[in-house]
Amino acid sequence: MSDLDLTAPAPLSLEAVTGTASALTRVDRKYVVPVAVAQHLVEELAGSAGVLEIAGRRTTSYLTTYLDTARLTSCREHLQRRRRRWKVRERVYVEDGLRRLEVKLRVGDGRTVKHLSPLAPVREGSGPLLEEDLPTLEGSLGAAGHVVAARTLRPTVTVSYERATLADLDSGTRVTLDTGVVSRLGDGQVWLDPSMVIVETKGHTRPGTADRLLVGAGHRPLALSKYVSAAALLRDDLADNDLRRLRGTVLHVGRDRDRVAS
């Protein structure tokens, strides 16, 4: 994973992490920090948190496709900072060959609630969702008050990255570290600067140890969504005011040839 050394934390099994720190209802906080800061965080947390290890591997490659309406309702609600909003995505764990549907709901009190359901292997000629997936999807959205016709959702932005997961089993909190983030929409791309890491803490209403360490070092949480930032930076009809300060430093925008040349 980039230049991060993940040998300090003790290994944790997937069963241990999902059994005691599944974090399906939580408060998320994101930070974008230099690799050196992320490395220091890993070492500071190693005394209380372990690292998810699967088949001797301490990172996993993610491929995520976001689904949205034709007018990008989900994306626009995020940009408008709606207190209650939703995201729908297909997530593939590349090395493990697993697919699942994730409905991510932001509820009014600032918490995030996730609904997960397994997806069948992709069929040739089909989209991410099959007919049998639609009732579950509409049920998850409808229970939160979002009236969305699931069959109208279409693939939009695809995001690939490598993730390491730290988990503190005593407190039931997690920290994820994402590198190599590349988002694609049509022939446009948005990518995270290779010198940076997206750190996300997933815990309780009160900031946890990782939040205190990062804030103490001068880093503040950002309202950053991989999906929304890519869509806003690549489409002219979406406002990107909050992202402009990141463009050219933290986030880069271009076509394939630009990324190769960077």
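Student: How do the residues of the lining of the largest cavity divide into nonpolar, polar and charged?

Tutor: Two are nonpolar, one is polar and ten are charged. Charged covers Asp, Glu, Lys and Arg; nonpolar covers Ala, Val, Leu, Ile, Met, Phe, Trp, Tyr, Cys and Pro; polar is the rest, including Gly. This is a predicted model, where local features need pLDDT of at least 70, side-chain atom pairs need 80 or more, and totals for chains, interfaces and linings use all residues. Numbering starts from 1 along each chain as its sequence is written, and side-chain values use heavy atoms, without hydrogens or water.

Student: What counts as a cavity or a pocket?

Tutor: On a 1 Å grid over the protein atoms alone, a cavity is a set of points where a 1.4 Å probe fits but cannot get out. A pocket is an open set with protein on both sides within 12 Å along at least five of seven lines, and lining residues have an atom within 4 Å of a point.

Student: How much space lies in the largest cavity?

Tutor: About 100 Å³. Volume here is the space filled by probe spheres set on grid points, joined across faces, edges and corners.

Student: What lines the second largest cavity?

Tutor: Its lining includes V181, S183, W191 and L251. β10 gives the most, with three residues. By class, seven residues of this lining are nonpolar, two polar and one charged.

Student: Let's switch to the largest pocket. How much space lies there?

Tutor: About 730 Å³. The largest pocket is lined by 30 residues, and H78, R85, R106, A223 and L224 are the closest to its centre.

Student: Which elements supply at least two residues of the lining?

Tutor: β2 (25-34), α3 (73-79), β5 (85-93), β6 (98-106) and α6 (226-234). Split by class, the pocket lining has eleven nonpolar, seven polar and twelve charged residues.

Student: New topic: β9. Where is it, and is it mostly covered or open?

Tutor: Strand β9 spans residues 173-185 and is mostly covered. Ten of its 13 residues are buried. Buried means under 20% relative accessible area (1.4 Å probe, protein chains only), exposed over 50%, partly exposed in between.

Student: How does β8 pair with β9?

Tutor: Antiparallel, over ten bridges; β8 is residues 154-168. Strands pair if DSSP finds at least two bridges between them. E162 has T179 of β9 as its bridge partner.

Student: What sits in the turn between β8 and β9?

Tutor: The hairpin has four residues between the strands, and G172 in the turn has a positive phi of about 70°.

Student: What about β10, how many bridges there?

Tutor: Four, also antiparallel; β10 covers residues 188-192. S183 is bridged to V190 in β10. Two residues separate the strands of this hairpin, where G186 takes a positive phi near 60°.

Student: And how many bridges join β9 to β11?

Tutor: Five, and the strands run antiparallel; β11 is residues 196-203. R174 has K202 of β11 as its bridge partner.
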